[in-house]
Amino acid sequence: MTQYGDGMMDNIKTRIEVNHAFDVAKLFLSIMVIAIHMNPFGVEPALRVAQSANFWIHQWFCRIAVPLFFVMSGFLLYSKSNFKNFDTTYTKKYFKHILKLYLLWSLIYFPLALIQILRDSNGISHGILQYISRFIFAGSYRHLWYLNAILPSICLISFMLRKGITPKRIVLISFAFYVLGLLGDGYYGLTAPLIKIPLAEKIISTYYNVCGTTQNGMFFGLFFLSLGMYFSQVKINISAKKALLLFIFSMALLACEVFIITKFKIAKDYGIMLCTVPAAGSCFLFLNSLRLKDRKIYNRMREASSFIYYSHIWIGWIVSNTLSLINDNLKNTPVYFLLTVIFSIVASAMVSVLKKRFSWIKIFM
């Protein structure tokens, strides 16, 4: 994703020890994001095994992808910061860079957003208002919520650091917001008693009408970005083996959590869950404990991960419509997912090559 493939993060890497394990992970995480947005095993209703597999891929296995992106971003962004005399110069530059990317990719995806606006069941005016609301609070298009969430998260963390709040306290404060977000997502069912109170019901419904979700900067990105910031300042001595075992154990707990909140119909969505925290944290510690020899391919993987993440929805749309021309049922099979992954990787490789000749292409990553 952007923060690892762009030039600004590369500048950070010149000041800290490069960890190519992040670069390898980012490529796989980007593909995991594609798996979240699509159905790796197809959508044939008769194949219950396939539907079950899709569910666990979507709501369990791949759910650590975006949190990990945030954690690695926070780690790289704040690694060489002096928190006793925090200077916002770099974070301001990075904020502007992310804002430009958000506006650029929002423009690129506007044709698809326009289709949704025109097809809004409540009319075009309602569709326009919904788009404006999403653009500000939830992301202009599906996966672009990530960039949207980074912007306020950077501002809030930098503000707290300027006020002298310690990294540990920032993590605790942001976790409190994460728990609130949890009640609007994975544990939404627990808020049922509140909905019976007229004032509370009005506040909750108004929030969802405006913001749409709690999976945003305030209730999601802030915590994981601050966790990465905390890891950049506090050295945690843990071996790769122990970190890996902790990650496996955390993923097992996450699977149990998904089962429970599904079984008891608690979940509104699966974007924010408790066990995502230890799973993402332990996976980061595992990756950070690895050291890979410097090779050019790692830099290419870092660049590829950014473009794959941003372009895969458009590529998926093109693949879907092309398959429909051949056989409408093909887009309901695993072929759709596989072709989207393949063409996303091919497109990212082409962009990487073209970037050497046309330097302006880097604005997309």
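**Burial, surface patches and ring pairs in a predicted model**

Reader: Why is Phe137 called partly exposed?

Author: Phe137 has 35% relative accessibility, and since buried means under 20% relative accessible area, exposed over 50% and partly exposed in between (1.4 Å probe, protein chains only), Phe137 counts as partly exposed. This is a predicted model, in which local features need pLDDT of at least 70 and side-chain atom pairs count only at pLDDT 80 or more, while totals for chains, interfaces and linings use all residues. Residues are numbered from 1 along each chain as its sequence is written, and side-chain values use heavy atoms, with hydrogens and water left out.

Reader: What makes the nonpolar patch on the surface, and which element gives its largest share?

Author: A patch takes residues with over 30% relative accessible area and no salt bridge, joining nonpolar side chains (Val, Leu, Ile, Met, Phe, Trp, Tyr) within 5 Å and like charges within 9 Å; a salt bridge would be a side-chain nitrogen of Lys or Arg within 4 Å of a carboxyl oxygen of Asp or Glu. The nonpolar patch includes Phe110, Ile124, Phe137 and Val210, and its residues together have about 860 Å² of accessible area. Helix 7 (110-118) and helix 8 (124-137) are the elements that give two or more residues to it, and the largest share, 6 residues, comes from helix 8, where Phe137 has its place.

Reader: Why is Lys92 called exposed?

Author: Lys92 reaches 54% relative accessibility and therefore counts as exposed.

Reader: Why is the pair of Phe70 and Trp145 called tilted?

Author: Rings of Phe, Tyr and Trp (its six-membered ring) pair if their centres lie within 6.5 Å, and planes under 30 degrees apart count as stacked, over 60 as edge-to-face and the rest as tilted. The structure holds 44 aromatic pairs; in the one formed by Phe70 and Trp145, the centres are 6.1 Å apart and the planes stand at 40°, so the pair is tilted. Because Phe70 lies in helix 5 and Trp145 in helix 9 (residues 145-162), this pair ties together parts that are 75 residues apart in sequence.

Reader: How do you know whether Phe70 and Trp145 are buried or exposed?

Author: Phe70 has 0% relative accessibility and so counts as buried, and Trp145, with a relative accessible area of 11%, is buried. Phe70 also forms an edge-to-face pair with Phe220, at 5.8 Å centre to centre and 70° between the planes.

How values were computed:
Accessible areas come from the Shrake-Rupley method with a 1.4 Å probe; for residues, only the protein chains shown count as cover. Helices (H or I, at least four residues) and strands (E, at least two) are DSSP runs, numbered from the N terminus.
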